[in-house]
Amino acid sequence: MASIASNFLVLMSVLFPIIAGFALFSRPIFEDRHVYVGFMTFISAGIIFLAAFCAESNLIVLCRVTQDLSIAFRMDAPARAFSCLVAFVWVLVTLYSFEYLRRRPPVDRFYAFFLSTFGILVGVACAGNLLTLYLFYELLTFMTLPLVMHSQQREAIRATVKYLLYSLIGAALALGGFFFFHVYGVSMEFTPGGFLDIAKISSENSREMILTVIFLTLLGFGAKAGLVPLHSWLPTAHPVAPTPASAVLSGLITKAGVIAMFRVVYYVAGADFLRGTWVQTALLYIALLTIFTGSMMAFIEKHLKKRIAWSSVSQVSYVVFAMMLLTPDGIRGAVLQIAAHAVSKSCLFLSAGVVIYFALMGANYHYADQLRGIGKELPVTMTCFALASVSLIGLPISGGFTAKWYMASGALELGSVGIFGVVILMISALLTAGYLLPIVTDAFFPGEDYDYTIVVPFHLPMNMRIALLLLGASAILTGVFAGNIIDFVDANMIPLLY
């Protein structure tokens, strides 16, 4: 009986928000849609937390496609960690969105896809085999297209087409990997250490072929994470989407690509199979190239939301770099960076949204060099922006600092490539400080020539205030309580290396 209840919780953590989202396409259940959306989001988050803490880690088969292919879920350690993170951030972004979207219809359509995306993202995290992962990964693309295209303006449509094109290219590469893994795997079920059939890949030619397939599969899934060369959709699509969509696209949905890559590395191929190969080296250098490219483009970008989007290109690839180190400190840094970046980047986008929402009527506040004195008008917003910036730069005692500390420690175990990686990480940190700190200093210290008589403090709605404060605080608390995260990683994920 307990096992049935456990399985039900896991299935509902995926299916409930999807069903709740599609229900919005029918007649309203509540007269006030915000009541319905808020209620369903909180219930979904509650189910996810309950499943993460109480459900067993057994495989749950929803349906069988063929004798050896099925749609199945498992609430294992990576699923528990990522699902809880998604639920926490999604609730806060939803709370924020109620005020932000009042003047940006159609609200019903937005929330229908927004709620459904919530469930599909949890489905990516809880996928029990490669077929389920690929199916939900594809669904995630098509469910987020309407979020990017919400305004239906020409720029948004162009960005959506670009997002779709890059996503389909990435998905095609991943699909090719699926067919090869089906032939050369013992099964399609995710297995710690990998499920490849060693007997089938014992020859040198077979091994090189599988390594090439793994590389292309990782590159394909990396498209969602903004990995070079499939990265340019991200700074195009995120800025045109409504701010709540930008927050989850950058903070969470990019992590779907990272989670898919994590599954391929540690549950399909296995760390032992990849360690020391050209695939590991190539992915490390591609991640470093992406880190540097994203940081440099963010540094020279003037548009506020595009700058934050380019920052995501860089910061998400920190996770890829740490993950491909295949060392204990690398995994610790990757998990910490996922958590720290999710809350920090969501906070940055929501803060930018508040600035645009309240100040757009008075001036063009879309550009980073036009924010002098905005901290006097929106002190809570810019304080939260500052806290998130501190974490992304990697200053003590933030979550970003702890993550980058473990990354650097893990990188130094790899010799020359690791040393080069640490140098790139330091350069990126300096560039991050260069494109975020001037915004904060100009906001709070506009200079003696600033006309303080024009300052008109805005009253920030309570739901926006709560979301920003909790996300801003979390950017620091992920560093303060990093030990708890490390204990979880050491107990559940470090064994994947051996």
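The lining of the largest pocket in this predicted model consists of 25 nonpolar, three polar and one charged residues. In total, 29 residues line the pocket, and its volume is about 790 Å³. Ala81, Cys84, Leu85, Ala339 and Ile485 are the lining residues nearest the centre of the pocket. H3 makes the greatest contribution, with seven residues.

The model also has a cavity. The count of cavities of 30 Å³ or more comes to one. About 40 Å³ of space lies in the largest cavity, and its lining is made up of Leu130, Tyr134, Ala174, Phe178, Phe181, Thr217, Phe221 and Val264. Helices H5 (130-148), H6 (154-184) and H7 (204-221) are the elements that give two or more residues to the lining of this cavity. The largest share, three residues, comes from H6. By class, the lining of the cavity has seven nonpolar residues, one polar residue and no charged ones.

| Residue | Location | Relative accessible area |
|---|---|---|
| Thr94 | helix H3 (residues 77-100) | 2% |
| Met188 | loop between H6 and H7 | 5% |
| Thr243 | helix H9 | 0% |

Met188 counts as buried because its relative accessible area, 5%, is under 20%. Leu130 and Met188 stand 58 residues apart along the chain, and 5.9 Å separates their C-alpha atoms.

Thr94 lies in H3, the helix that gives the most to the lining of the largest pocket. A polar atom of the Thr94 side chain is 2.8 Å from the backbone oxygen of Trp90. When neighbours within four places in sequence are left aside, the contacts of Thr94 are Val37, Thr41 and Phe114.

The side chains of Thr243 and Tyr100 are joined by a polar contact of 3.0 Å. Not counting residues up to four places away in sequence, Thr243 touches Tyr96, Tyr100, Lys305, Phe349, Leu350 and Gly353.

The model also includes a pair of strands. Strands S1 (residues 60-64) and S2 run antiparallel and are joined by four bridges. The link from S1 to S2 is a hairpin of five residues. Ile71 in S2 is the bridge partner of Cys63. In a regular strand, side chains alternate between the two faces of the sheet. In S2 (residues 70-73), Ser70 and Ala72 point one way, while Ile71 and Phe73 point the other way. The four residues are all buried.

Methods. Residues numbered from 1 in each chain as written. Predicted model: local features only at pLDDT ≥ 70, side-chain atom pairs only at ≥ 80, totals over all residues. Heavy atoms only, no water. Buried < 20%, exposed > 50% of the residue type's maximum accessible area, 1.4 Å probe, protein only. Polar contact = N/O pair within 3.5 Å; in protein donor to acceptor, adjacent residues only side chain to side chain. Contact = heavy atoms within 4.5 Å. Pairing = 2+ DSSP bridges. 1 Å grid on protein atoms, 1.4 Å probe; cavity = no way out; pocket = protein on both sides within 12 Å on 5 of 7 lines; lining within 4 Å. Points joined across faces, edges and corners; volume = space filled by probe spheres on them. Nonpolar A, V, L, I, M, F, W, Y, C, P; charged D, E, K, R; others polar.
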